[in-house]
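Subject: Structure handover

Hi there,

Here is the structure I promised to pass on to you. Have a look at it first, and then read on for what turned up.

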Amino acid sequence: MSQPREIVPGATYMITRRVLRRHLLFRPDAAITQLLVYALAVSARRYSIEVHALCAMSSHLHLVVTDTKGVLPRFLQFFHRIVALGTKVLRKWEGPVWDHEATSVVRLLTRAAVVEKTAYVLANPVAAGLVPHASEWPGAKVDVSELGRGVLHAARPPVYLDPDNPQWPKSVTLSLALPPVYEQAGAESFRCEVASELGRLEAQIHAEARRQGLRFVGVKRVSAISPYERATSSEALRDRNPTFAVGRQQGRAWRIAAAAVRTFRASYRAALERWRAGVRTAVFPAGTWWMCTFHSASVNDVVLTT
């Protein structure tokens with residue numbers, strides 16, 4: 001049984017979803033980029049999701065978003081379904097697109113976490129040894145200069161989506177939002193801090209590449225590889241999948257967040273035991289989503305996390 005997850009309006013997350021067996025189905029090209037941006041824009045508008053950052057790697061997808069209404073599971077289900085079905089048609093792919101592992105959803109609880117994870121998302125193509133700088137990645141992505149002010153555009157893909165269905169407009173735009181923790185500091189501060197962290201990451205990656213005598217693959221080779229191949233780099237299996245992040249050197253914030261998670265899970269399990277015993281008046285902690293949505297369970301209106 002998976003751990004219960006708190007879903008509350010206004011939370012910011014880093015989302016990661018991987019392709020089945022690390023196939024390169026999202027290899028960057030115009031068609032897959034169009035599908036990803038269009039699906040993201042339509043899904044974000046439908047569920048009032050604010051998008052802050054995006055990077056579509058060949059074998060997985062990263063997002064940084066804020067869930068304004070507390071409906072993140074609905075958004076992910078809808079978005080991932082459109083992407084999967086569209087990809088199956090574009091790539092003439094039989095079978096599932098997404099890996100069987102659950103989507104990684106990491107709540108970003110501090111300003112430092114938002115900066116570090118946004119930079120991490122943008123730096124992914126560099127960390128994978130594909131391009132020397134994040135701005136060179138040819139796939140669907142957000143550049144540092146676009147954070148908090150850019151607009152992504154996409155026409156409706158010519159495959160899978162019914163042009164006569166009004167839920168699939170002919171074209172869509174997606175304005176990149178400023179994370180809530182930066183509403184007072186401003187967009188320029190957000191961009192500067194992410195740019196600094198991204199520069200640090202790229203310098204670290206370049207130094208390690210020189211130490212090992214490695215070269216970056218380059219845009220030309222990345223774009224030419226078959227989408228049916230699989231990533232060959234080593235990757236830890238069943239590695240830790242954190243539920244929250246607070247940033248480096250944030251020990252006190254980490255301890256507070258960890259205690260809040262433990263409290264939520266303990267309250268949830270206690271309520272679930274009562275529910276399973278037939279007590280339909282059991283009250284679940286604020287942030288309970290599944291039991292509230294599908295079983296109309298009562299939920300406490302006091303949020304347990306900070």
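Let me start in the sheet: Ala53 has Val64, in strand 3, as its bridge partner. Please keep in mind throughout that this is a predicted model.

**Strand 3 and its neighbours**

That bridge belongs to the pairing of strand 2 (residues 49-56) with strand 3, which is antiparallel and runs over seven bridges. The two strands form a hairpin, with three residues between them. Strand 3 also pairs with strand 1 (residues 11-18), again in the antiparallel sense, this time over eight bridges. If you want a spot to look at there, Thr16 has His62 of strand 3 as its bridge partner.

How much of strand 3 is buried? Eight of the eight residues in strand 3 (residues 60-67) are. In a regular strand, side chains alternate between the two faces of the sheet. Here both faces are covered: one side carries His60, His62, Val64 and Thr66, the other Leu61, Leu63, Val65 and Asp67, and all of these are buried.

**Helix 3**

Next, please turn to helix 3 (residues 111-127). With 17 residues at 1.5 Å each, helix 3 should span 24 Å, and the distance of 23 Å between its end C-alpha atoms agrees with that. Helix 3 does bend, by about 40° at Val121, and a proline, Pro125, follows within four residues.

Because 12 of its 17 residues are buried, helix 3 is largely enclosed by the rest of the structure. Among the buried ones are Val114, Glu116, Val121, Leu122 and Pro125. What do the buried residues of helix 3 pack against? Their partners are strand 1, strand 2, strand 3, strand 4 (104-108), helix 4 (187-212) and strand 7 (244-245).

**Salt bridges**

There are 10 salt bridges in the structure, and a few deserve a visit. In one of them, the side chains of Arg91 and Asp29 meet at 2.8 Å, N to O. Arg91 sits in the loop between helix 2 (72-90) and strand 4, while Asp29 sits in the loop between strand 1 and helix 1 (30-47), so this pair ties together parts that are 62 residues apart in sequence. Arg91 has a relative accessibility of 7%, so Arg91 counts as buried.

Another salt bridge joins Glu197 and Arg200, at 2.9 Å from N to O. Both residues lie in helix 4, three residues apart, about one turn of the helix. Through salt bridges that share partners, Glu116, Glu197, Arg200 and Arg248 are joined into one network. Glu116 is also one of the buried residues of helix 3.

A further pair is Asp143 and Lys141, with 4.0 Å between the closest N and O atoms. Asp143 counts as partly exposed, at 24% relative accessibility.

**Cysteines**

Last, the cysteines. A disulfide is a covalent bond between the sulfur atoms of two cysteines. With a cut-off of 2.5 Å between sulfur atoms, the count of disulfides comes to zero. Cys192 is partly exposed at 44% relative accessibility, and Cys292 is partly exposed with a relative accessible area of 35%.

Happy to go through any of this together.

Best wishes

Definitions and conventions. Residues are numbered from 1 along each chain as its sequence is written. This is a predicted model: local features need pLDDT of at least 70, side-chain atom pairs count only at pLDDT 80 or more; totals for chains, interfaces and linings use all residues. Side-chain values use heavy atoms; hydrogens and water are left out. Buried means under 20% relative accessible area, exposed over 50%, partly exposed in between (1.4 Å probe, protein chains only). Two strands pair if DSSP finds at least two bridges between them. The expected span of a helix is 1.5 Å times one less than its number of residues. The bend at a residue is the angle between axes fitted to the seven residues ending there and the seven starting there. Contact means heavy atoms within 4.5 Å.
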